[in-house]
Amino acid sequence: MAREKTEREIQNLKNRLQDLADKSFQQNVFTFTGFLGLGDQDVFWQEEAKLRYAGYQLWGGCENADRLIVRFGSPDTMGYEVPFPIVCIHIRPLAQKFADELSHRDFLGALMNLGIERGVLGDIKVGEKQAYLFCLDSIGEFICVNLEQVKHTSVKCTITEDYQCVPEEEPDVVKIQVPSLRVDAVLAKVYNMSREKSLELFRAGKVYVDGRLCGNCSRQLKAGETINARGYGKFTLRGEQGETKKGRLVVEAAVYR
């Protein structure tokens, strides 16, 4: 579970974002944050109006990434391009036959045991007894040399550019009936919980819409928006499919478990 940041940590992140934007704008260079989780992304969006003068882009190494890097600088105005400093590492067992069934938590735990800071690690895409890790290029070689075991399984790590092999998370496409597109109503229906339970998630600051903390439970959702509910997963609202005879909306959502 993600630890809540202190006010000092939040202010330090705001200062860091401002410093990176200033450096990019004043020196005509691209600057990068580390990987930002949902809480840090929300801090960025809080400050976005103060930072947009520098130009920016968010990317995590693959489509639908949860953890993202902010790059300050615009190729259009700067006249050149610098790619995001992200590499993809394939983590696979030395002996597939004897490998454990490994979870996201297993891979992350093994990486954190190396003394690595969370900010250098992006998404971990888990496949059958293997995983693909997105991380900063500055730490890639260190991980390949030092990550030798995950749980009880001996592993080999190699940097790869074969992104076709990265497991794509296939969502469950569901159709639900809701009285409106209020985010609390849609959230409750997608995860089959009571409205009161969904409201608890809002009060606890666990609901994000497109990377922004959502404190307004009556917010109307739009097609294409992605909702993250910490502890439950995320889903993307695909849009309205019609209306029932009783006036309830039929909407479609792609749910990632």
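Student: Is Cys144 buried or exposed here?
Tutor: In this predicted model, Cys144 has a relative accessibility of 17% and therefore counts as buried, since buried means under 20%.

Student: What about Cys135, buried or exposed?
Tutor: Cys135 counts as buried, because its relative accessibility is 0%. Its sulfur has the sulfur of Cys144 as closest cysteine neighbour, at 7.5 Å, which is again too far for a bond.

Student: How many disulfides turn up in the whole structure, then?
Tutor: The search of the whole structure finds 0 disulfides, and the cut-off for counting one is a pair of cysteine sulfur atoms within 2.5 Å.

Student: Switching topic, how much space lies in the second largest pocket?
Tutor: The second largest pocket holds about 460 Å³ of space. It is lined by 21 residues, and those closest to its centre are Asn64, Ala65, Leu68, Thr226 and Lys234.

Student: Which elements give two or more residues to that lining?
Tutor: They are the helix α2 (38–51) together with the strands β2 (56–59), β12 (226–229) and β13 (233–243).

Student: Which one gives the most?
Tutor: That is α2, which contributes 3 residues to the lining of the second largest pocket.

Student: And how do the lining residues divide by type?
Tutor: The lining of the second largest pocket has 8 nonpolar residues, 8 polar residues and 5 charged residues.

Conventions:
Residues numbered from 1 in each chain as written. Predicted model: local features only at pLDDT ≥ 70, side-chain atom pairs only at ≥ 80, totals over all residues. Heavy atoms only, no water. 1 Å grid on protein atoms, 1.4 Å probe; cavity = no way out; pocket = protein on both sides within 12 Å on 5 of 7 lines; lining within 4 Å. Points joined across faces, edges and corners; volume = space filled by probe spheres on them. Helix = DSSP H or I, 4+ residues; strand = E, 2+ residues; numbered from the N terminus. Nonpolar A, V, L, I, M, F, W, Y, C, P; charged D, E, K, R; others polar. Buried < 20%, exposed > 50% of the residue type's maximum accessible area, 1.4 Å probe, protein only.
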